[in-house]
Amino acid sequence: IPVTGRMGADTNPDIIIGVLSSVLCVVTTSYFVPLIVLVRRPWAVFFSMFVLCLAGVLTALYTSVGFPYLDTHTGPTPQRIMVVHSEQTYHGSSGFVRKSESGFYIINLDRRVHEIDKVMPEMAEAQDISSLCDELFCGVPVFSWKFMLTKESKNIRWMKAESPVIYDQTFLEFTGYKIVSKREETHEIRRLHFNVSGPDHMHLIVWPKPSVTLVGWSLTDSLPSHTAIWDGRPVYVINCVRGYSPSHLDIHFDLQLEAEVQVPFAV
């Protein structure tokens with residue numbers, strides 16, 4: 001695993017490693033520079049160092065030594081790609097299904113995104129996720145904190161396909177609400193109750209609408225800081241993991257309304 005790890009395609013690890021190597025080289029060799037003037041022929045030392053540096057640059061420019069994704073059958077270098085077979089179902093404010101589609105999310109974990117296109121012609125049908133980003137997190141399942149999306153993300157593509165086989169469906173049921181406190185006519189706190197059921201690993205994403213602030217919930221005693229910012233509004237990502245606990249979860253959210261809002265949040 002390289003020093004930069006799985007940083008994705010948005011960051012160029014070559015620049016990071018190059019700068020880090022240069023800084024470490026200067027720091028570790030600066031103490032030996034005065035010793036060069038003590039040798040009998042210092043010009044020979046400088047010339048040897050220049051030749052070594054030039055040879056390294058030419059090797060990097062005109063050969064494939066040290067580079068990934070070699071096109072050889074004897075020793076190919078694997079490229080790290082994560083593929084998520086996903087089904088998307090979007091509901092409106094009254095519960096009706098307003099959009100439904102399925103396909104593959106192709107998440108590139110390395111810099112050279114389109115190298116896989118050379119061996120998989122089907123990838124030509126894949127679309128860049130930034131051109132389809134009209135939903136929260138572009139509709140991509142939040143499976144890792146390291147790959148929290150922005151609308152400028154360049155390492156994810158979407159390719160339509162048939163629906164996956166899902167053995168344990170996820171259900172989110174709104175069971176009611178009550179007014180916890182009310183200070184003014186347009187300022188109140190509502191407690192919304194939900195019942196969540198599904199597999200042993202789920203992610204619940206809470207994204208309050210404009211003029212609505214999440215001030216508390218039943219999951220923890222105090223509300224932690226938001227996970228991300230999307231369209232100028234905070235997003236809270238809840239990772240629901242269970243073992244032998246019940247398959248359903250009763251939770252509530254306390255929302256402060258600063259104006260008359262029909263649907264206080266997106267979840």
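**Entry 1**

The model I am reading is a predicted one.

Next I asked how many bridges join strand 6 to strand 11. There are ten, and the two strands run antiparallel. Strand 11 covers residues 248–257, and H252 in that strand is the bridge partner of H193.

I then turned to strand 8, which is joined to strand 11 by five bridges, again in an antiparallel run. Here W217 stands opposite F253 in strand 11. I kept both names in mind for the ring search below.

I also checked how covered these strands are. Nine of the eleven residues of strand 6 are buried, which leaves that strand mostly covered. In strand 11 seven of the ten residues are buried, so the strand is largely enclosed by the rest of the structure.

Which order do the four strands of the open sheet take? I read 1-2-4-3, with antiparallel pairing.

Strand 3 is joined to strand 4 (residues 156–160) by two bridges, and the pair runs antiparallel. I noted D128 here, with R157 of strand 4 as its bridge partner.

**Entry 1: nonpolar cores**

I listed the largest nonpolar core, which has 19 residues. The members that touch the most others are Y105, I129, L136, F137, I205, W230 and V235. Two or more residues come from each of strand 2 (97–108), strand 4, strand 7 (201–208), strand 9 (228–230) and strand 10 (233–241).

Why do I place this core between domain 1 and domain 2? Domain 1 (81–160) and domain 2 (171–258) both contribute residues, so the core lies between them. I also found a second, separate core of 16 residues, with L192, F194, V196 and L214 among them.

**Entry 2: aromatic rings**

I searched the whole structure for aromatic pairs and got six. For F174 and F194 the ring centres are 5.3 Å apart and the planes stand at 50°, so I logged the pair as tilted. F174 is in strand 5 (residues 171–184) and F194 in strand 6 (residues 187–197), so this pair ties together parts 20 residues apart in sequence.

F194, with 7%, counts as buried.

I went on to W217 and Y236, an edge-to-face pair with 6.0 Å from centre to centre and 75° between the planes. W217 belongs to strand 8 (residues 212–217) and Y236 to strand 10, so the pair ties together parts 19 residues apart in sequence. I found both W217 and Y236 buried.

Which rings make up the one aromatic cluster I noted? It is formed by F174, F194, W217, Y236 and F253. That brings back W217 and F253, which stand opposite each other.

I also looked at W207: the charged end of R233 sits over its ring, 3.9 Å from the centre.

**Entry 3: loops**

P224 is in the loop between strand 8 and strand 9. I read its relative accessibility as 39%, which counts as partly exposed. From P224 to Y236 I counted twelve residues in sequence and 8.8 Å in space, C-alpha to C-alpha.

Before the next two residues, I reminded myself that most residues other than glycine have a negative phi. S211 is not a glycine, and yet its phi is positive, at about 70°. Its place is in the loop between strand 7 and strand 8, and at 36% relative accessibility S211 counts as partly exposed.

D231 also has a positive phi, near 55°. D231 is in the loop between strand 9 and strand 10, with a relative accessibility of 49% that counts as partly exposed.

**Entry 4: a look at the record**

Last, I opened the UniProt entry, which is unreviewed. Its "transmembrane region" annotation covers residues 15–38 and 45–70. I checked residues 15–38 in the model: the end C-alpha atoms lie 35 Å apart, and the span is 79% helix and 0% strand.

Technical notes:
Residues are numbered from 1 along each chain as its sequence is written. This is a predicted model: local features need pLDDT of at least 70, side-chain atom pairs count only at pLDDT 80 or more; totals for chains, interfaces and linings use all residues. Side-chain values use heavy atoms; hydrogens and water are left out. Two strands pair if DSSP finds at least two bridges between them. UniProt positions are given in the numbering used here, feature names are shortened, and annotations may be inferred rather than shown by experiment. A nonpolar core is a set of buried Ala, Val, Leu, Ile, Met, Phe, Trp, Tyr and Cys residues joined through side-chain atoms within 4.5 Å. Buried means under 20% relative accessible area, exposed over 50%, partly exposed in between (1.4 Å probe, protein chains only). Domain bounds come from an automatic or database domain assignment. Rings of Phe, Tyr and Trp (its six-membered ring) pair if their centres lie within 6.5 Å; planes under 30 degrees apart count as stacked, over 60 as edge-to-face and the rest as tilted. A charge sits over a ring if NZ of Lys or CZ of Arg is within 6 Å of the ring centre and within 35 degrees of the ring normal.
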